[in-house]
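Reader: I am new to this structure. Please take me through one part of it closely.

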Amino acid sequence: MSTVSKVYELPKLGFELSALEPVITAEMMDFHYNKHHNTYTQNLNNLLKQYDDAEKANNIEKMTTLLNPIKFNGGGYINHKIFWESLAPKDQGGGSPPTGKFAEAIKKDFGSFENLIDKLSAKSIAVQGSGWGWLGWNKDFGRLEITTTFNQDLLTNFGLDPLLCIDVWEHAYYIKYKNARANFVKDIWQIINWPGIENKYNSLI
Ligand code: MN3
């Protein structure tokens with residue numbers, strides 16, 4: 001991580017803050033993207049700068065204490081980027097079912113598209129505390145898998161390439177859904193960017 005030169009920027013969204021309404025309101029997007037995601041991004045940059053300074057000073061103790069915060073904020077930066085890519089307004093393909101080889105793979109690995117949605121919903125709702133629900137690609141076994149991760153852990157740490165994620169941290173839904181995480185997860189399928197996820201799948205296989 002020496003000679004840090006890159007400054008990470010809040011990734012551009014492919015849609016307006018209000019475009020995912022009514023599932024995710026403009027206010028929810030404003031807080032989630034402009035506040036939460038932006039904070040992870042700024043924290044990551046600050047931490048990488050501190051790490052760079054500590055490394056130049058040969059301060060291994062300081063470097064070591066920075067690793068967990070970097071993992072957390074770097075994970076927050078990356079996971080939210082994948083989350084925004086997982087979503088699309090209806091007029092940009094949000095909610096329209098997968099097609100082609102991707103649809104065939106879903107049928108092979110989960111029995112049906114509906115079963116994938118049911119299983120991933122159940123796992124995401126059941127996350128204890130803060131975390132994420134995922135659809136990923138297991139390249140070693142050539143199959144799709146669903147799983148969950150805690151806090152800001154990365155899916156790639158578990159050997160899967162990310163295709164789709166659902167943020168089930170309370171900050172993702174509390175403004176509108178209050179404590180009802182299950183209702184948020186039930187509604188989110190209306191704005192899942194299946195065409196974009198299918199493109200990712202096709203680039204991985
Ligand atoms: Mn979040």
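At what angle do H1 and helix H2 pack, and how far apart are their axes?

Author: A word first: this is a predicted model. H1 and helix H2 (residues 60-85) pack at an angle of about 150°. Their axes are 8 Å apart. The crossing of H1 and H2 is left-handed. Sorted by class, the contact of H1 with H2 holds 17 nonpolar residues, nine polar ones and three charged ones.

The manganese ion has four protein donors: His32 (NE2), His80 (NE2), Asp167 (OD) and His171 (NE2). They lie 1.9 to 2.1 Å from the ion. Along the sequence, the spacing of the donor residues reads H-x47-H-x86-D-x3-H. His32 lies in helix H1 (residues 26-56), while Asp167 lies in strand S3 (residues 161-167), so this pair ties together parts that are 135 residues apart in sequence. Are these two residues, His32 and Asp167, buried or exposed? Both are buried.

For another setting, turn to Lys123. Helix H4 (residues 113-125) contains Lys123. Lys123 is partly exposed, because its relative accessible area is 40%, which falls between the 20% limit for buried and the 50% limit for exposed. Leaving aside residues up to four places away in sequence, Lys123 touches Ile146, Thr147 and Thr148. Trp134 is 11 residues from Lys123 along the chain. The C-alpha atoms of Lys123 and Trp134 are separated by 9.0 Å.

How values were computed:
Residues are numbered from 1 along each chain as its sequence is written. This is a predicted model: local features need pLDDT of at least 70, side-chain atom pairs count only at pLDDT 80 or more; totals for chains, interfaces and linings use all residues. Side-chain values use heavy atoms; hydrogens and water are left out. Donors are N, O and S atoms within 2.8 Å of the metal (3.2 Å for Na, K and Ca); water is not among the atoms, so sites may look incomplete. Helices (H or I, at least four residues) and strands (E, at least two) are DSSP runs, numbered from the N terminus. Buried means under 20% relative accessible area, exposed over 50%, partly exposed in between (1.4 Å probe, protein chains only). Axes are lines fitted to C-alpha atoms, for helices over the stretch in contact, and angles run from 0 to 180 degrees between N-to-C directions. A crossing is left-handed if the near helix is turned anticlockwise from the far one by less than a right angle, and right-handed if clockwise. Ala, Val, Leu, Ile, Met, Phe, Trp, Tyr, Cys and Pro count as nonpolar, Asp, Glu, Lys and Arg as charged, and the others, Gly among them, as polar. Contact means heavy atoms within 4.5 Å.
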